[in-house]
Amino acid sequence: MAIISREQIVEGLVKILGEEQVITDEQVLKESSLDRYRKYEQVCEVYTQPIPAAVVYVKDTQEVADVLAFANENEINVVPRTGHSAIEGGLETALKDSVVIDGSTMNKVIKVDEYNMQVTCQCGVPLQELDDMLRERGYTTGHSPQSKPLAQIGGLVATRSIGQFSTLYGGIEDMIVGMEAVFPNGKICRIKNVPRRAAGPDIRHIICGNEGAICFITEVTLKLFKWQPENNRYIGYKLDDEHMKLGFDCLREVMVEGYRPSFARLYDAADAQQHFSAWLEEGKAILIWMAEGPANITPAMEEGIKKLMSKHPELEEVDPALIEKWYSGLNWGPEEIAQEKEEIRATQNIGITTEVSGSWDNIYEIYKTACDRILEEVPDMTLMGGHSSHSYINGTNMYFVYYYNIVDCAPEEEINKYHDRINQIICEQVIKYGGSIVHHHGLGKARAKYVTQEYGSSYYMLKTLKQAFDPNGIMNMGTLIPLRK
Amino acid sequence: MKILGCFKVVPDLDLIVEEDWNKKNQSYVDTGYAKLVWNCFDEGALEMMLRLSDLSEGLNVVYKLSALTIGRQKTEGFLKTLYALGFSEGVRICVETEEDILFSPEMVSEGIANYVKKVEEQDVIITGIQSSDGSNKKTPYLLAEKLEWPCITQVVGMEPMDEDHLQVTAQVPGGYMVRQVKTPCVLAVGNAPCAYLRIPTLKDKMKLGKRPVTQLMPEELGMVEAGESVQLIGLNPIDRKRNTVIIEGDSPEEKARHLYEKYLKGRLSML
């Protein structure tokens with residue numbers, strides 16, 4: 001915790017950045033003490049986390065370095081932030097008198113390099129704006145998470161984000177080229193842009209996924225891809241919910257046969273009704289693929305996937321136009337969040353997601369046993385389901401989707417009574433069957449308590465990284481590595 | 001007191017892609033892929049019924065809540081949700097496609113009126129003031145006329161009184177009017193403060209939501225004849241496009257100055 005007073009922290013920050021960039025408005029501070037992990041507290045405007053001393057808006061890398069050096073010297077906990085779309089507690093200010101460093105004003109696209117197929121931008125560039133601009137030129141980053149209308153580049157890299165087209169383009173870790181980041185002592189490090197190198201460990205992965213607990217990301221170079229939506233092909237099948245195991249096997253078959261569709265999804269019946277209720281019968285799960293790429297590849301991929309699926313009499317093909325139109329309405333933006341808040345207030349019913357991953361031989365057990373246990377052990381559930389949306393040669397993810405009524409429960413208690421309990425069950429089942437408790441939201445603070453079980457003996461490496469780069473413990477404490485009680 | 005909530009299941013119009021709104025020379029918009037939701041005014045009306053029932057606890061009035069919809073098989077899931085919330089009767093007037101009733105409030109009101117006259121008598125009928133897709137805004141009026149019952153519109157609240165009366169609050173220009181209303185009556189719900197229907201738990205769905213829905217055919221309720229008097233012959237969108245200028249500038253101050261100098265200064269000087 002800081003060795004100087006709250007007032008001295010603000011004074012010091014004003015000296016570095018000037019008054020305009022240092023925000024101490026009470027409401028802003030309260031709203032900056034949490035993220036969407038504590039969605040119900042957010043909706044009820046009840047703030048249980050320590051309120052930060054200030055939110056500072058940084059304009060360039062040197063300002064980030066100066067603020068971090070000041071924080072390091074005075075042992076002030078800092079929470080790096082860009083789009084504020086985190087949902088696993090990564091942006092909670094867990095310690096008294098923290099400072100939130102907001103990079104959203106560092107929002108310049110520095111260079112679009114069409115010849116080398118890469119784009120360099122500052123951390124606060126909104127992904128939606130970047131990709132829209134690139135698409136006008138016929139390119140895309142290939143990164144399209146559901147949070148695209150909210151998220152910014154720094155946060156996406158910090159949390160090892162993944163997008164809806166990951167099966168073709170990969171996660172953000174496959175898209176990054178070089179980066180610039182600032183470490184807690186103020187040291188600015190740049191990793192150059194090269195297609196590949198074998199000069200020791202890939203140090204980009206100290207930065208990618210650090211969740212603000214090791215450094216502040218100021219600049220990122222991402223790969224570019226041709227955007228050719230006119231060639232997209234959509235493939236969909238419905239199947240009985242009791243055949244979910246077969247659904248996972250179908251996802252596997254497509255991957256194992258060597259196809260790389262841009263998205264590959266399996267929704268169980270409960271989750272499917274949230275998206276396809278207009279035409280999908282209750283009790284039906286759904287399998288979806290989209291083939292993306294050059295005009296001579298996508299029809300071949302469509303044909304190949306259909307041929308594979310034709311061997312399964314349990315599957316019934318659906319009109320691809322229905323899939324295409326569903327796909328156009330997938331993303332979440334500020335309007336949806338505002339409406340969701342209104343609905344939660346009115347109904348006291350809340351929806352949450354938790355994402356995990358597993359190998360082909362355990363993902364079904366993870367899915368089935370976690371759903372069964374939650375329905376058995378948690379009260380007031382109104383929906384329990386999920387989907388797989390990112391597949392790999394050796395496994396896939398599971399995105400649990402659950403809703404519950406908040407009954408006889410103060411806002412401060414909701415997280416213990418429901419959300420953490422459900423998270424715990426999911427994490428326990430994942431660990432039991434050998435998957436990963438986090439697929440793409442980051443550990444945040446919500447799941448940091450399971451980090452030693454997640455890492456096993458390799459926790460030594462994570463802990464050593466943290467201690468080496470952040471010896472004073474000022475970087476987003478409680479994230480990745482839990483706070484000592 | 002027997003209360004019938006009449007509701008419509010509609011496509012979520014926010015999910016309709018732009019090109020489907022702009023297709024020319026067709027008398028419908030393809031909404032077949034958009035997920036189904038409660039019509040917003042009806043949703044408020046159904047929640048209002050449940051709140052009335054909540055308020056009656058400890059009083060000597062018993063409310064028997066029923067619900068009726070006209071639609072495809074898919075709409076039965078919505079009726080089963082109402083079962084799980086405590087409704088005692090769910091009725092679907094079966095049609096293969098909602099397009100036939102989209103712009104036919106005469107047919108819809110005829111079906112509901114005949115259900116009340118011929119199948120199950122009711123004391124109160126509650127419905128939303130209009131649907132989000134057809135937007136005819138006529139069904140509650142026509143229904144009241146066919147039943148020869150009074151109709152109160154823009155209802156925003158109901159409270160229990162006795163077996164033959166309800167206290168009904170309606171929004172009127174400039175305020176709210178609270179009235180004691182003798183049944184039978186038709187109540188049309190407008191911008192209700194309780195716009196969202198509560199969500200039943202999965203356990204309640206398992207326990208209460210399995211009962212079969214009563215299915216009736218439009219012919220049984222004289223709906224087909226009623227629909228013959230009005231036929232849709234065209235749909236034309238209103239062009240609401242406006243010219244847009246994006247103000248360029250290196251800083252917010254510069255953009256604000258440009259906005260003021262070029263677009264606002266002249267107008268302000270005329271005030």
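**Figure 1. Strand β17 of chain A pairs with strand β19 (residues 395-405) of chain A in the antiparallel sense, over 6 bridges.** This is a predicted model, in which local features need pLDDT of at least 70, side-chain atom pairs count only at pLDDT 80 or more, and totals for chains, interfaces and linings use all residues. Residues are numbered from 1 along each chain as its sequence is written, and chains are lettered from A and ligands numbered from 1 in the order in which they are written. Strands (E, at least two residues) and helices (H or I, at least four) are DSSP runs, numbered from the N terminus. Two strands pair if DSSP finds at least two bridges between them. A:Met384 has A:Tyr402 in β19(A) as its bridge partner. Strand β13 (residues 263-267) of chain A also runs antiparallel to β17(A), joined by 2 bridges. There, A:Leu266 is the bridge partner of A:Ser388. A residue is buried if 20 or more other C-beta atoms lie within 10 Å of its own, exposed if 12 or fewer, and partly exposed in between; C-beta atoms are placed from the backbone.

**Figure 2. An open sheet in chain A holds 4 strands in the order β1-β2-β4-β3.** The pairing is mixed. β1 (22-23) and β3 (78-81) stand at the edges, each with a single partner strand, so one side of each is left without a neighbour in the sheet. β1(A) runs antiparallel to strand β2 (residues 54-57) of chain A, with 2 bridges between them. A:Ile23 has A:Val55 in β2(A) as its bridge partner.

**Figure 3. A hairpin in chain A is formed by β8(A) and β9(A).** β8 (residues 176-182) and β9 (residues 188-191) pair in the antiparallel sense over 4 bridges. A:Glu180 stands opposite A:Arg190 in β9(A). There are 5 residues between the strands. A:Gly186 takes a positive phi near 95 degrees.

**Figure 4. A:Glu340 lies in helix α14 (residues 334-347) of chain A.** A:Glu340 has 16 other C-beta atoms within 10 Å, so this residue is partly exposed. A:Arg252 is 88 residues away from A:Glu340 in sequence. In space, 34 Å separate the two, C-alpha to C-alpha.

**Figure 5. Helix α2 (residues 40-55) of chain B has 16 residues.** The helix reaches 23 Å from its first C-alpha to its last, close to the 22 Å expected at 1.5 Å a residue. That expected span is 1.5 Å times one less than the number of residues. Buried residues of α2(B) include B:Phe41, B:Leu46, B:Met49 and B:Leu52. Across chain B, buried residues make up 38% of the 271 residues.

**Figure 6. Chain B meets chain A through 17 residues, in contact with 22 residues of chain A.** Two residues are in contact if their C-beta atoms, placed from the backbone, lie within 7 Å. The chain B side that touches chain A divides into 12 nonpolar, 3 polar and 2 charged residues. Ala, Val, Leu, Ile, Met, Phe, Trp, Tyr, Cys and Pro count as nonpolar, Asp, Glu, Lys and Arg as charged, and the others, Gly among them, as polar. The model scores ipTM 0.85 and pTM 0.91.
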